[in-house]
Amino acid sequence: MSMSSLSLTRFPGSISGLLQVASLLSLLLLLFKAAQFLLRRQWLLKALQQFPSPPSHWFFGHKIPKDQELQYILKWVNEFPSAFPQWLWGSKVRVLVYDPEYMKAILGRSDPKASGTYRFLAPWIGYGLLLINEQTWFQHRRMLTPAFHYDILKPYVGIVADSVRVMLDKWEKLIDKDSSVEVFQHISMMTLDSIMKCAFSYQGNVQLDRHSQSYIKAIGDLNNLFFDRVRNAFHQNDTIYGLSSDGRLFHRACQLAHEHTDQVIKERKAQLQNERELEKIRRKRRLDFLDILLFAKMENGSSLSDEDLRAEVDTFMFEGHDTTASAISWIFYALAAHPEHQKKCREEVQSLLGDGASITWDHMDQMPYTTMCIKEALRIYPPVPVVVRELKTPVTFPDGRSLPKGIIVTLSFYGLHHNSKAWPNPEVYDPFRFAPDSSRHSHSFLPFSGGARNCIGKQFAMNELKVAVALTLLRFELLPDPTRIPFPIPRLVLKSKNGIHLRLRKLH
Ligand code: HEM
């Protein structure tokens with residue numbers, strides 16, 4: 001018998017042998033995974049035993065219907081003091097904290113951002129200030145802090161005011177046709193306009209431009225897709241996600257967002273080729289955001305790679321407009337729902353600004369009542385509902401309970417701001433909580449987070465909110481649309497499931 005006919009007759013046998021080995025290996029792998037899962041779960045249950053949690057399924061965790069998350073949190077914040085473990089699935093758990101003392105304990109440390117969650121943002125905003133940790137974060141934060149010096153922020157008040165006026169002019173034309181307007185979209189265009197002009201020296205008319213509209217749409221999609229991915233056990237793996245329809249949508253939306261930011265970088269670089277523009281920059285005592293990045297690169301090519309520069313631009317483009325759009329939209333809704341406070345704000349602004357033709361930096365700390373109303377809206381509707389950290393060392397809270405290294409902690413600002421221990425009658429809109437003589441825990445109000453990794457754009461944002469509220473109240477009365485009451489849902493920023501619809505009445 002020849003060799004070839006020998007191997008042919010043995011072939012079926014060798015296939016079944018291979019199959020047997022493969023099945024055995026798969027079985028072993030499965031057993032190994034199951035043992036790993038059980039051990040990890042046992043470890044977690046022991047580590048979290050001091051923290052009672054709402055009943056959950058051993059594998060599917062706390063099954064919270066989509067878009068009901070905030071309602072569930074409100075219920076649990078009252079049932080479980082300070083914190084509780086929220087099981088996502090299998091051995092995936094995060095400890096949700098919403099107590100001022102717990103916030104203080106975590107924000108006083110330097111735990112890194114939880115990579116398991118935030119890495120999903122990396123294809124979009126890259127490793128910019130929001131996602132980086134440790135030494136690189138420290139260097140970037142130090143490099144970018146001068147972009148938020150008050151010398152830089154001062155002239156921004158006028159630029160933001162111009163952007164707000166463009167939006168209000170649009171609203172005047174709109175209300176002839178339709179008495180209820182979905183304001184979130186308009187406000188997003190306005191805040192994008194502001195950040196592009198202030199931080200990126202952009203000179204076009206963003207609010208009338210079609211490309212900016214597709215950027216805003218891409219950001220909305222990315223917000224939703226990110227949120228869905230975090231909740232989906234099957235979408236944790238990059239390859240599987242990349243092949244899914246959501247993964248493809250995410251990829252496309254990232255491309256759209258990057259086209260927008262690439263264009264901004266390209267235009268500014270082109271302007272800087274012009275000697276006169278370059279001379280203007282050289283004469284400036286302080287550079288604004290994009291110029292700091294571009295010059296950091298020019299002076300020392302290796303210190304800021306193209307990739308780092310793009311990541312910072314993507315990060316600030318997103319953080320610099322979506323957060324403020326959420327804040328302004330919810331503030332407008334809160335004022336519409338509380339006409340007595342709206343009236344008092346308007347009176348304050350009218351006596352300060354007259355017709356509002358000129359609003360400057362000096363006006364910013366001369367509207368105490370309006371500021372109280374803004375803060376109270378930021379309390380009830382925190383634009384960034386949560387941030388997530390991974391404990392790099394064990395922590396013991398002031399009540400004696402501890403968590404070990406490696407646990408993922410979600411700081412729920414929404415839970416904190418609605419915690420009746422920190423805020424009696426938390427659902428009541430009461431600006432006097434922020435009256436100058438009122439007292440509260442240092443960590444009970446954290447819309448901009450706290451500690452070293454607090455919001456770098458806080459001052460810029462507060463000014464933008466004040467300018468938007470002041471100029472809008474001078475021109476419009478804001479009324480709620482009783483047929484479309486907004487329904488808050490958590491995304492990267494706080495959104496409303498059905499948009500934010502307001503009736504706008506022109507003032508004479
Ligand atoms: C009402 C508006 C805003 C709110 C409520 C807000 C809130 C926050 C919060 C809660 C954080 C902490 C994030 C974390 O720990 O994961 C943060 C960080 C950050 N914010 Fe804001 N933000 C606002 C506006 C802005 C603006 C206008 C900019 C840029 C111009 C900005 C840029 C950033 C950046 C870059 C970080 C990361 C800082 C770091 O880790 O060093 N934010 N913001």
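**The nonpolar core and the ligand site**

In this predicted model, the largest nonpolar core is made up of 148 residues, and W124, W171, F200 and L403 have the most contacts inside it. Helix 15, which spans residues 306-337, supplies the largest share of this core, with 15 residues.

Apart from its neighbours within four places in sequence, F200 is in contact with I195, V264, R268, F289, L290, V313, F316 and M317.

Attention now turns to the ligand. Its iron atom has a single protein donor, the SG atom of C455, at 2.3 Å. C455 sits in the loop that runs between helix 18 (413-417) and helix 19 (458-475). Around the ligand there are 29 residues, of which K113, W137, R141, R389 and C455 come nearest.

A side-chain N or O atom of K113 lies 2.9 Å from a ligand oxygen, and for a side-chain N or O atom of R389 the distance to a ligand oxygen is 2.9 Å. With L129, it is a backbone N or O atom that is found 3.4 Å from an oxygen atom of the ligand.

Two or more residues of the shell come from each of helix 6 (134-144), helix 15, strand 4 (386-390) and helix 19. Helix 15 gives the most, six residues. Sorted by class, the shell holds 18 nonpolar, six polar and five charged residues.

Key
Residues are numbered from 1 along each chain as its sequence is written. This is a predicted model: local features need pLDDT of at least 70, side-chain atom pairs count only at pLDDT 80 or more; totals for chains, interfaces and linings use all residues. Side-chain values use heavy atoms; hydrogens and water are left out. A nonpolar core is a set of buried Ala, Val, Leu, Ile, Met, Phe, Trp, Tyr and Cys residues joined through side-chain atoms within 4.5 Å. Buried means under 20% relative accessible area, exposed over 50%, partly exposed in between (1.4 Å probe, protein chains only). Helices (H or I, at least four residues) and strands (E, at least two) are DSSP runs, numbered from the N terminus. Contact means heavy atoms within 4.5 Å. Donors are N, O and S atoms within 2.8 Å of the metal (3.2 Å for Na, K and Ca); water is not among the atoms, so sites may look incomplete. A residue is near a molecule or strand if one of its heavy atoms lies within 4 Å of it. A polar contact is a pair of N or O atoms within 3.5 Å; within protein, one must be able to donate a hydrogen and the other to accept it, and residues adjacent in sequence count only if both atoms are side-chain atoms. Ala, Val, Leu, Ile, Met, Phe, Trp, Tyr, Cys and Pro count as nonpolar, Asp, Glu, Lys and Arg as charged, and the others, Gly among them, as polar.
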